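Let's take a walk through this protein together. Have the sequence and the 3D view open, and follow along piece by piece.

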Amino acid sequence: MPFHEKLGEIRILHVDDDPSLTDLAATFLQRENDRFTVETASSASEGLDRLNEKPFDCVVSDYDMPEQNGINFLKAVRETHPNLPFILFTGKGSEEIASKAISAGVTDYLQKGRSTSQYTVLANRITNVVEQFQSRQAITETEQKLSQLAEHTDDILFMFNDDWSELLFINSAYEDIWGGSIEELRDDPESFVEYIHPDDRENAVAAIERIARGESIDIEYRVRHPDGEQRWIKGKTKPIFDEDGAVSRIVGYVRDITDRKEWEQELKRKERRYQAVFNDPNILVGSIDTDGTVRDINQTALKYIDATVDDVIGEPFWESPWFDHSETVVEEVKDWIDRAAAGEYVEFEVELVRPDGEPYTVEGVFRPVTNEDGEVVSLLISDRDITEQKQRETELETVQRRFEAVLENTTTPMFMKDDDGAYIFVNQAYRDLFDLQDVEIVGRTDHEIHPPEMAADVQENDQVVIEGGEAVEREERVSINNEERVFLSTKVPIHDTGKRFDPDTPVATFGVATDITDRKEAEQQLREEQQFVQSIFQSLPDPLYAFDTDGHLLRWNEMFEDVTGYSSAEIEDMHVTDFVPDTEVETISAKFQAILDEDQPVTIESAFETKDRTRIPYEFTGGPLEATDGTTRGITGIGRDITERTAREHQLEALNRITQELMSADTQDEVVEIGVETMRDLLGIEVNSIHLYDEDADALVPVVATDAVYDLIGEPPTFSGEDSIAWRVYQQGETLAVDIVHENPDRYNPDTSIRSELFLPLGEYGILLAGSPSPKTFDEQDVLMGEILAGGLTTALEQIEGTEQIRTRERELTRQNNQLEEFASIVSHDLRNPLNVATGRLELAAAECDSEHLEHVEQAHERMHTLIEDILALAREGVAVADSEPVALGPLVEGCWETVETGETRLVANITQTVQADRSRLKQVFENLMRNAIEHGGEDVTVTVGELADGFYIEDDGSGIPADERETIFDAGYSTSEDGTGFGLSIIKQIVDAHDWDIHVTDSDEGGARFEIAGVEVVAE
């Protein structure tokens, strides 16, 4: 019988809180085995109710259910159904859950997979546990019946080991018949010999020895009770042999045959048993003579014919109404009776017809009944209706044929092997896969068919199934036409329950092979894509985040943690409004909801409030986060630090203010003075000279020139002639940035030579000449800032000439404002954004390749960032103090030290003064001087801040500043560090000047640098 025909209907209760999953499972389970009837419950309580309503053969339950998990449900089931098969079928797998399930008495434990093949495994598990459960029930019932039979029989039933030295079993009849106690016999298994009558003991002992040697013995002898009572017994004893043919056990029975009354009682018991069998409502029973004459028939048999007992008694059995529909059957009945009368035990199966014409089938036996001489004196016929069984067998045969057709024609390769690994069956898909025929596969092993490495891998998996007796699902690499493919091989054990010995040992392996090569490649691509996205996610230089619809964070990158100062564990429980000031919560909440309602991105500027309550200006851009089903899952976005942009806006305001000052100038000298100071102090460009056109000389004559010009080239020349760059700029009105080196043989210094010059036209008034005394070429920002100032100078000069030029001045002012707007755009977007992109791309390149050049590029990027920050800081400080207030220097110094990257350096602050100053700009003085000390003094430098009578000082114990350089250290571009921008001290000088203070550089007591700031208004100490 095929393995799937072992059981009838199997009733399954599937408990899972997901109705879609239970419906799917029921469909696949019933497709796997049409004997399955699956009913479902959506909770443990409903499952218990269903179990109380009707019987089930097996329970399949999920673990993770909201009301009551699978373990607790199992415990509840075990209270009322202690032995009912229970399979925990769960998607949450762990050793802890498995251990709890085993402790609670689970029958089997199976973890859900991602493919429908899991239901094949589940179907096999259900079939196995139900078979085992029913087998155990049958064994238990048999043992109970044997135990009941042993305790209700009057005979002694016993079992000893092979040499009578150990009692294995004996029933209580021993004490009644033998007269000894069972306890005595257990202590001394040979003590029963002492109760045998002395006259019979020798023959009995000889018989016992023959039995131990392997003979079966029937013997009668006497036993004598301790009280002197004597009884005759009849015993039948036989040996039980092991697989090697040796005696392993001795079994037998002993019957008391002392008096005839017991014989009569025994006959009565046999009669009752006979009547019980004869009148069994499920069995057709009759008694006939050896010539076929009917002697008796039970009522069950009469239900199949239209006749009474009197109609058939005394008539030949073959002439009875059961067989009058067929002459062929009549002849068969005669033959069966003749054979039984000759002493043969005749089994039969025959198709009969009811009076209403409905056919039915019975199977039975003719048993010969003999007398004491062995002569057949009568026949006993018994049979049972097997019509439904035959119908089921026919249906099963049909299902079997259909199943075999499905196996043969399915596109998935399937196979079956015996326990030695030889193929028993392969379907067409398997044959097509390897381009082989049945004769090339069936009866052969993988080593005879496939390459050695592949065969060894496959055989190892087969052995796990055979030895472990459980299903195995593993990946196997298969070589097909020199191409390696990956298959997911699911193999289940096949058992032969009809085997007499060790029925639980698998006799075959059934497998299904699914080609997952494309899926594996897709999974690898997906992993690479996920890694790529994760790398980008973490490498972004700005905070990246995703919130759910309630405003709680779903994901964020490391930069988000770096900026906010919160740890990952802290962020998990935070809300979007926890990262902004209280004053902006309402605005942020409204923008957040607008994104969800309108499904459109939104940009907003707000302060980013960090863990230490620092507020950083940020521009946040957020958009809807779409789920896989198209709904909005939340909001994702990026934040960009706009501190520098804000600073640039302040610089533009300062430039605009300077323009207004130019517009209000009264003389050309005042215009020139403002222009020179602005270029040097605000824009950080060294003005070499301003040349105005002298009509008498027909040339550009310098009206102002810096000392740097005289040091480098002596007296500034007068520019004239078509070959002069300055003259061309004047004539054509175009701006030029020229890389050039001025060399004065008497004063030339290669470290401070002007390396490039910027020529800016002032219209009809002349030109503005600026130079960079460092290895640098003017860029677009330098040109733009110069043009802004040149435009202001030109407009101011025009205004001074008279009121008739006011309209021209207004137009020029409009042009300047436009240039200011363009400058803000370039600094905030055209410069900063491309630099950020370059930095991000550099990180990606560094992840893909290893080159020493990348490190230099990174250093150049950092240099550019620092230059931009310092230039903007220098530009926005202005030349006047707008907001002055009392500032306590002690707390201010401590706060500045915390914001500077101090490393292992040390601060000594001996200051309690309160001074009148602009707090934010004074804070920048201390921070820049602290950074300067750490940058030049090293990691172990000590920075000291102390008081003066009219100010304060900052000194360090570093290497100090040479005396010949102290006059130039405040010039824009000065730096003794390769990484310095040269603007830090210039910014300090500008802020000090804006407060009308004085700054002086000298040596500290330790030999380091000491900066003294005097002329400060001290409010109190």
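Predicted model: local features only at pLDDT ≥ 70, side-chain atom pairs only at ≥ 80, totals over all residues.

Start with strand E21 (residues 544-548), which pairs with E22 in the antiparallel sense over three bridges. Here, two strands count as paired if DSSP finds at least two bridges between them. Helices (H or I, at least four residues) and strands (E, at least two) are DSSP runs, numbered from the N terminus.

Residues are numbered from 1 along each chain as its sequence is written, and side-chain values use heavy atoms, with hydrogens and water left out.

**The sheet around E21**

E21 and E22 belong to an open sheet of five strands, in the order E22-E21-E25-E24-E23, with antiparallel pairing. Which strands stand at the edges? They are E22 (553-556) and E23 (602-609); each has a single partner strand, so one side of each is left without a neighbour in the sheet. From one strand to the next, the twist averages 30 degrees.

Helix H21 (residues 585-598) packs on this sheet, where it touches E21, E23, strand E24 (615-626) and strand E25 (632-641). The direction of H21 makes about 145 degrees with that of E23. For such angles, axes are lines fitted to C-alpha atoms (for helices over the stretch in contact), and the values run from 0 to 180 degrees between N-to-C directions.

In the loop between H21 and E23 you'll find Asp599. Asp599 isn't a glycine, yet it has a positive phi of about 55 degrees.

**Another five-stranded sheet**

Now move to an open sheet with the strand order E12-E11-E15-E14-E13, again five strands with antiparallel pairing. The edges are held by E12 (294-297) and E13 (346-353), each with a single partner strand, so one side of each has no neighbour in the sheet. The twist in this sheet averages 25 degrees from one strand to the next.

| Strands | Bridges | Residues facing each other |
|---|---|---|
| E11 (residues 284-288) and E15 (residues 376-385) | five bridges | Gly286 and Ile381 |
| E13 and E14 | eight bridges | Phe348 and Gly364 |
| E14 and E15 | nine bridges | Thr370 and Val376 |

Helix H12 (residues 327-341) lies across E11, E13, strand E14 (359-370) and E15, and runs at about 160 degrees to E13.

**A tryptophan in a loop**

Trp164 sits in the loop between strand E6 (156-161) and strand E7 (167-170). Its phi is near 70 degrees, a positive value in a residue other than glycine. With 6% relative accessibility, Trp164 counts as buried.

**Two helices that pack**

Two packed helices are described by the angle between their axes and the distance between the axes. For helix H29 (residues 889-899) and helix H30 (residues 919-937), the angle is about 50 degrees and the axes are 9 Å apart. H29 and H30 are therefore oblique to each other. (Angles under 35 degrees count as roughly parallel, over 145 as roughly antiparallel, 65 to 115 as roughly perpendicular and the rest as oblique.) The residues that make the contact (heavy atoms within 4.5 Å) include Leu892 and Trp897 of H29 and Phe926 and Met930 of H30.

**The whole protein**

Zooming out, the protein has 31 helices and 38 strands. Of its 1021 residues, 44% are buried.

Key: Buried < 20%, exposed > 50% of the residue type's maximum accessible area, 1.4 Å probe, protein only.
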